Amino acid sequence: MRYDILLFDLDDTILDFGANEKCSLNRLLTEKNIDNHEAFEQVYKRINKELWDRYSQGEIELDEVLRNRFSKSVKEFNGEDIDGIQWDTTYRSYLSEGNHIMTGAIEMLNDLSKTHRLFIATNGVHDTQVNRIKLANIGKYFEKVYDSDLIGYRKPNVKFFEYIFNDIDNFDKSKTLMIGDGLLTDIKGGYDSGIDTCLFAKENPQGNISTYYINELSQLKSIVE
């Protein structure tokens, strides 16, 4: 067997975060009487990404991301001052209910869990991720779930991966593969940590340093066996 331990990113690798995010955001905006959802979404996604990128680079803490992503977005969108924490709490409650699953994920997990050791290695808020995994009924496929909220470091930080390596029994770098959609998080983090990586994305981007590339989850089996 080429690989024994498979580390999976969660969002947009196993769970369809894009669909979940859009649904949750629309619920929030409807509740808050924001009419032009599409225009607000563009502002929010840009600001949200900027804040998460700064968090990934160690410039700000997680609570600053959660506190400011809606307050900054609404301020730019319509000039209003809102309670960013209250908006974010409501949004994450909707987000935690999302269980949209990527095409082919269940079949892939059911197949590989019989022959490999599967783990989740995800960035995000612990309670939100745990609830989504439970609602999607996929926890049974994984030995353990590792998230940045609990570990204290976020992908691509090598310390995130080192924590996982030290925690997994009988860990072997040469038998471990990181699978995810994030070129700057999953792939860079795995590469910097000395393990092989597999990028899952619609297109193979320039600058891809991953060991493998797939655009369908069904292609993973031939790589790991």
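1. Tyrosine 91 is buried, with a relative accessible area of 1%; buried here means under 20% relative accessible area, exposed over 50%, and partly exposed in between, with a 1.4 Å probe and protein chains only. Tyrosine 44 likewise counts as buried, at 0% relative accessibility.

2. On provenance, this is a predicted model, in which local features need pLDDT of at least 70 and side-chain atom pairs count only at pLDDT 80 or more, while totals for chains, interfaces and linings use all residues. Residues are numbered from 1 along each chain as its sequence is written, and side-chain values use heavy atoms, with hydrogens and water left out.

3. The structure holds 13 aromatic pairs. Rings of Phe, Tyr and Trp (its six-membered ring) pair if their centres lie within 6.5 Å; planes under 30 degrees apart count as stacked, over 60 as edge-to-face and the rest as tilted. The pair of tyrosine 44 and tyrosine 91 is edge-to-face, because the ring centres lie 6.0 Å apart with the planes at 65 degrees. Since tyrosine 44 lies in helix α2 and tyrosine 91 in helix α4 (residues 84–95), this pair ties together parts that are 47 residues apart in sequence. Ring pairs also link Tyr44, Phe70, Trp87 and Tyr91 into a cluster.

4. The centres of the two rings, phenylalanine 119 and tyrosine 146, are 6.2 Å apart and the planes stand at 35 degrees, so the pair is tilted. Phenylalanine 119 belongs to strand β2 (residues 117–122) and tyrosine 146 to strand β3 (residues 144–147), so the pair ties together parts that are 27 residues apart in sequence.

5. The secondary structure of the protein comes to ten helices and six strands. These elements are DSSP runs, numbered from the N terminus: helices are H or I of at least four residues, and strands are E of at least two.

6. The C-alpha trace spans about 55 × 35 × 35 Å along its principal axes. Of the 225 residues, 47% count as buried.

7. Among contacts (heavy atoms within 4.5 Å) between residues at least 6 apart in sequence, 64% join residues at least 24 apart.

8. The backbone has some points to inspect. Most residues other than glycine have a negative phi, and most peptide bonds are trans. The peptide bond from lysine 155 to proline 156 is cis, with omega near 15 degrees; proline 156 is found in the loop between α7 (148–151) and α8 (158–167).

9. Asparagine 170 is found in the loop between α8 and β4 (176–180) and is exposed, with a relative accessible area of 74%.
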